[in-house]
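This briefing goes with the sequence and coordinates shown below. Please read the points alongside the model.

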Amino acid sequence: MNGRERVLSVRRLRVWYGTDRGPVRAVDDVSFDIHQGETLGLVGESGCGKSTLGRGILGLLPEGTATGGEVLFRGTDLVGLPRRTLRAMRGPEIGMIFQEPMTRLDPLMRISEHFAEALRTHEPDLSDAEVRSRSIEALAGMGIPATRFRQYPHEFSGGMRQRIMIALALVLRPKVVIADEPTTALDVLVEAQILSILADLKANFDTALLLVTHNLGIVAESCDRVAVMYAGKLVEEGPARDVFVRPAHPYTRELLRSVISLRTTGLQYIPGAPPDLTDPPPACRFHPRCPDAMQVCATKWPIEQRVYDDQRVLCWLHGPASEIPPGGTEPLVREEIAVAEEA
Amino acid sequence: MSSPDTTLERGAAASRDDTPLLEVRDLKTHFPLRGTFLQRVLGRETGSVKAVDGVSFELRRGEVLGLVGESGSGKTTLGRTILRLADPTSGSILVDGGDVAGLSEHDFRPYRRRIQMVFQDPHASLNPAMDLLTAIGHPLKIHGLATTQDAVREAVASALERVGLTPVELFLRKYPSDLSGGQKQRAVIARAIILGPDLLIADEPVSMLDMSVRAKILELMLELKDELDLTYLYITHDLATAKFLCDRVAIMYLGRIVEVGPTAEIFANPRHPYTVALLRAVPDPDPERHVPRDVPRGEVPDAVSPPLGCSFHPRCPRAFEVCGWESRDLKELLETRAAGLDTDARPSGIGDLSRLGEPSRSAIIPPERGHDPSEVVETLSRIRSATPEEPLWTGVRRMRALAEGVGVEFHEPIDPTLLPEGPVAVACHLYDARALETARRAAAESDEISEPR
């Protein structure tokens, strides 16, 4: 991705939620970049903070959330921008595609009205004819015929509604699209259709895409880079191919092993469960479940390391040796994890 | 393990002969549509959703059969019908050879002890106001199998131990909100096995769980199967877990089984074009793979009025003469694919196509107002020569200009049935010599003369 514009830079982003049991650090010191025409897959299990991160970038977090760090969109820091300014940027600059297309369209509005509303809000000078041609063009790109432009959401199937949602995001020609589990509610064949549409996106429009998903198969097939989250931390980031072939973090490795795919011949899983984020384990958050854990992992925060060609990893296995106290590389004696503590 | 528990250790003593534990024959479950007030007053036919539309299979003791399909395939309704949570419209459900499809609720109740279900959403399957002791012990009370609180407690403790929720004392008094997703699903499984069932119907038991947990629950299911001599009907959309867990799989599409056979054979050598497409579409965490491009178009059609002939034909890349081509396929072709997506104009000279929305083997394409039927003929032949690979054209028996437009007649559709093909059975005309022969004859008799040229 050399020479391409860096569209979005997330720097040391932190997001806290206030809960009855104290603050939850849902996103903890996360940094990454997305370049023009690049797809970054953000993967992790439920509760790891990946959706919060996606929403945090757009400032779409509920009341009572605190955000720190920087989200640089083409040089402008979005964190702390006034709500109005941020709202004006959502859509034309950064688009969002949500899970569950069933619930995201207004059942009382025609598809044409959804498009008119989106376009008029952000580009008030457009003529009726331009609104219409822009909308129909966006829909056609998603395989929805213009004959259905004036129909209502209920007249479309789930897969078509998700295509309409994508068209609605794209009609404003955003530089970055954040897609949060865009295919989770869909069937296998429709999922494949949508993924091939998303793949065309970057080819045709040079859009940068942040694809939030729990499905490692989708990442392998459609992302250039992958960022793996665990308990609010970004534990590994790098070219998708490299990370899948040679995962640097034990969590990435174990997660890849536990995926049940058509090539699975034996069941693998990670013992234990992800931690309670109101009271996370000290130091590396994965150490209680990590088969490679060392003494240092339970006492000292890991330091980000750059490994292999282009992978970043947060794990003491990759050093730096100078920071590991004497005896720190001795294996950690772990308490047996009872099934009771498992997820 | 604790002292032997009679309810849990019943084993397969009941019948060791060749009778399948469960056999379903031509089962149909249709849900009538309510229709409008007027339709009801006039007693008109309002149609029905054909959720399960003629399904037959056998399940042998100790076997794991996977029912695999996308949403709308009828797999869940089929599972629910076997447990009589939905009423069968026709067909039979034989348990140890005895038909239970017509039994009253009261007479069916003993079978509920033998057939239990694990649902998809563990968060919704447990009453949030019941602790595990109450929830898991509830079936014992319903079926009058435990009279004292001590007996209930002992049975629940034993079930919890079996599913790995230990130390038991800790879990007996926990509420669902205290448990993780995986633990909840373990509790749901404990409740399902406490009556000592023979058959467990597991409807997407792991699809709501995280990947690192799924394997654990599947492993538990396999352990329980061995320990308790269980038989599973595993309902899922996930081909990967089905491949791992099942001895045999049945692929369902729109209320019917389209292919069934030994798991290894189906996955190594899929025959039905739908099975082939599904297998190609499963995302795989293999960086060498790319998004598949030639995915069948469209989505699962409406089960109220399924396509004629083979339900998969409108999406099938290999469909031919007798697969069931009809008016709606032509409408779809003319409206969406032929015209170009970025216009809402119909292809030139073609009039209102709304009458093609009713399924029929013949269709009349009216000319647009002020246009002549000959223009329709011209447009159709232009579209046809522009889309030679479109399988719909094989289904056209004749096209001719009539006074009111162009009449298009399709070949007679053949309804596919499951036929043996090597080690599997498949419902596809590609594997049916008679259908292929009929298609060959149909192709020969296609009326070339009045075909617009």
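This is a predicted model: local features need pLDDT of at least 70, side-chain atom pairs count only at pLDDT 80 or more; totals for chains, interfaces and linings use all residues.

Residues are numbered from 1 along each chain as its sequence is written, and chains are lettered from A and ligands numbered from 1 in the order in which they are written.

**Chain B overall**

- Chain B holds 15 helices and 15 strands; helices (H or I, at least four residues) and strands (E, at least two) are DSSP runs, numbered from the N terminus.
- Taken along the principal axes, the box filled by the C-alpha atoms of chain B is roughly 85 × 60 × 45 Å.
- Of the 453 residues in chain B, 46% are buried; a residue is buried if 20 or more other C-beta atoms lie within 10 Å of its own, exposed if 12 or fewer, and partly exposed in between, with C-beta atoms placed from the backbone.
- Among contacts in chain B between residues at least 6 apart in sequence, those joining residues at least 24 apart make up 68%; two residues are in contact if their C-beta atoms, placed from the backbone, lie within 7 Å.

**Interface between chains A and B**

- In chain B, 49 residues are in contact with 51 residues of chain A.
- On the side of chain B that touches chain A, at least two residues each come from α8 (181-193), α9 (211-228), α10 (239-245), α12 (273-281) and α13 (327-338) of chain B.
- The most is given by α9(B), with 8 residues.
- This side of chain B has 23 nonpolar, 12 polar and 14 charged residues; Ala, Val, Leu, Ile, Met, Phe, Trp, Tyr, Cys and Pro count as nonpolar, Asp, Glu, Lys and Arg as charged, and the others, Gly among them, as polar.

**Sheet in chain A**

- Chain A has an open sheet of 8 strands with mixed pairing, in the order β6-β7-β8-β3-β9-β10-β12-β11; two strands pair if DSSP finds at least two bridges between them.
- β6 (94-97) and β11 (305-307) of chain A stand at the edges with a single partner strand each, so one side of each has no neighbour in the sheet.
- From one strand to the next, the twist averages 20°.
- Strands β10 (residues 233-239) and β12 (residues 311-313) of chain A run antiparallel and are joined by 2 bridges; Glu236(A) stands opposite Val313(A) in β12(A).

**Nonpolar core**

- The largest nonpolar core has 217 residues, and Ala167(A), Val235(A), Ala190(B), Tyr234(B), Ala250(B) and Val258(B) have the most contacts inside it; such a core is a set of buried Ala, Val, Leu, Ile, Met, Phe, Trp, Tyr and Cys residues joined through C-beta atoms within 7 Å.
- Because domain 1 (22-268) and domain 2 (313-414) of chain B both give residues to this core, it lies between them; the domain bounds come from an automatic or database domain assignment.

**Backbone features**

- Thr166(B) and Pro167(B) are joined by a cis peptide bond with omega about -5°, and Pro167(B) lies in the loop between α6 (149-162) and α7 (168-172) of chain B.
- Asp96(B), not a glycine, has a positive phi of about 50° and lies in the loop between β4 (90-95) and β5 (98-99) of chain B.
- Asp96(B) is partly exposed, with 17 other C-beta atoms within 10 Å.

How values were computed: Axes are lines fitted to C-alpha atoms, for helices over the stretch in contact, and angles run from 0 to 180 degrees between N-to-C directions.
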